[in-house]
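This report describes selected local features of one protein model. The sequence and structure come next.

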Amino acid sequence: MDRIRIVGGNELHGVIPISGAKNAALPLMIASLLTDDTLTLENVPHLADVEQLIRILGNHGADISVNGRRERQGESYARTIHFTSRNIVSTTAPYELVSKMRASFWVIGPLLAREGKARVSLPGGCAIGTRPVDLFIDGLTALGANIEIDGGYVNATAPAGGLAGGRYVFPKVSVGATHVLMMAATLANGTTVLGNAAREPEVVDLAKCLNAMGAKITGQGTSTITVEGVPSLSGARHRVLPDRIETGTYAMAVAMTGGDVILEDTDASLLETALEAIRRTGAEISETNSGIRIVRNGAGIKPVDIVTDPFPGFPTDLQAQFMGLMTKSSGVSHITETIFENRFMHVQELARLGAKISLSGQAAKVEGVSRLKGAPVMATDLRASVSLVIAGLAAEGETMVSRVYHLDRGFERLEEKLTRCGAHVERVSD
Ligand code: UD1
């Protein structure tokens with residue numbers, strides 16, 4: 001199994017191209033099941049989660065072709081992928097496939113809307129809390145679906161005439177349930193109003209693509225989304241938006257090591273809250289024509305408190321990385337996680353590098369230390385694993401990160417992007 005070896009101590013200088021967003025690519029790919037026409041997605045990142053979803057969509061009958069010629073973008077290789085689901089050959093998403101990636105559960109929305117039925121295994125995915133599916137079930141029920149849970153599967157059926165427009169107010173903000181209800185409502189009879197919807201940029205990107213396919217969605221990016229159902233959707237061509245989590249991760253890496261890096265092909269407006277927190281640690285951040293420049297020269301890292309929240313708040317997917325940064329701050333910081341329970345598995349691994357962190361429920365107190373020392377550590381989930389990389393870049397000596405497959409789910413060519421900026425990072429295959 002691959003490991004990542006980091007020798008810390010180098011500043012980062014150079015240009016890092018930002019990939020298309022994993023969390024937008026996945027729902028966009030799933031949206032291709034809503035039409036018998038071809039959906040073409042550009043700027044799709046090459047990640048294990050994308051490959052897994054390609055297998056899942058293929059199981060439902062999608063014909064998928066990846067552009068042989070990769071579109072070269074700076075130093076990143078974005079791909080253009082064509083998805084055509086002329087006929088849905090199976091409305092079952094089996095446990096063996098769904099258990100590997102939680103987002104694959106989302107096929108329930110398009111399958112139910114287009115075929116009137118879906119049988120989807122209860123999901124697996126990152127081990128960060130219980131992550132139930134009650135909001136999906138309640139929301140789809142509000143659109144007229146009949147849902148039963150049996151033997152680890154969710155069996156959903158639409159009434160004879162198809163799903164009906166409805167009104168659903170999410171009791172809790174959920175990105176995935178917003179994606180699914182928005183997709184399901186595009187083909188429902190009548191108008192659907194979703195209240196307390198997720199406002200994440202990836203929801204806006206999905207709505208934009210669905211509208212290009214002929215859907216009638218308004219209000220995306222606000223907490224009330226209205227979807228006027230249409231009889232069918234057509235194909236479209238859509239470019240996946242930049243990955244704001246990857247952007248924030250590399251910005252935090254530079255804030256940690258010091259240096260001067262341009263993050264290319266990204267957009268500061270996707271992560272204002274996180275960038276503001278990084279600025280307060282002492283780094284300078286400015287917008288360039290095609291992205292963001294981040295500089296930290298000489299000055300130390302100031303302690304900053306953060307609380308995770310749905311967009312536009314501080315993203316939970318950057319919480320672990322920010323904690324990595326805070327381990328070397330000049331004081332005490334507090335990090336509160338409000339989205340997921342049990343999303344502090346990186347704490348014990350960061351402690352192996354010499355970090356001083358104490359936990360109390362959903363809050364962590366980080367006492368900055370002047371030096372971290374390299375050690376063998378284990379990746380536990382996607383975002384936690386990259387926090388270990390950030391800490392390793394600033395630790396003295398060698399840090400060896402095992403279970404790298406977590407990183408490969410969400411970070412495209414991480415070691416190459418960092419190495420080009422002067423870091424000492426390499427993949428070691430056993
Ligand atoms: C998505 C992102 C993930 C990010 C998360 C929060 C993708 C592929 N994944 O995950 O990276 O960390 O948003 O920004 O886009 N919940 C329920 N019942 C439900 C559904 C969710 O209680 O039916 C809870 C969850 O347990 C969690 C909270 O709602 O506590 C938010 O989860 P949600 O926004 O749904 O996360 P995902 O869409 O799975």
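Two strands count as paired if DSSP finds at least two bridges between them. The model is predicted. In it, strand S8 (residues 117-121) and strand S10 (residues 153-157) run antiparallel and are joined by 5 bridges. Within this pair, Ser 121 stands opposite Tyr 153 of S10. Helix H4 packs on the sheet and touches S8 and S10, and its direction makes about 160° with that of S8.

The sheet itself is open and has 4 strands in the order S7-S8-S10-S9, with mixed pairing. Strand S7 (92-93) and S9 are at the edges with a single partner strand each, so one side of each has no neighbour in the sheet.

Helix H5 (residues 134-142) has Leu 135, Phe 136, Ile 137, Gly 139 and Leu 140 buried.

| Element packed against by H5 | Residues |
|---|---|
| Helix H4 | 108-115 |
| Strand S9 | 146-150 |
| Strand S11 | 167-169 |
| Helix H6 | 175-186 |

Just after H5, Gly 144 has a positive phi of about 100°.

A further site is in the loop between helix H10 (319-326) and strand S20 (332-336), where Thr 327 lies. Is Thr 327 buried or exposed? Its relative accessible area is 1%, and buried means under 20%, so Thr 327 is buried. Apart from neighbours within four places in sequence, Thr 327 is in contact with Met 256, Leu 350, Ala 355, Ile 357, Val 366, Glu 367, Gly 368, Val 369 and Leu 372.

Conventions
Residues numbered from 1 in each chain as written. Predicted model: local features only at pLDDT ≥ 70, side-chain atom pairs only at ≥ 80, totals over all residues. Heavy atoms only, no water. Buried < 20%, exposed > 50% of the residue type's maximum accessible area, 1.4 Å probe, protein only. Helix = DSSP H or I, 4+ residues; strand = E, 2+ residues; numbered from the N terminus. Contact = heavy atoms within 4.5 Å. Axes fitted to C-alpha atoms, helices over the stretch in contact; angles between N-to-C directions.
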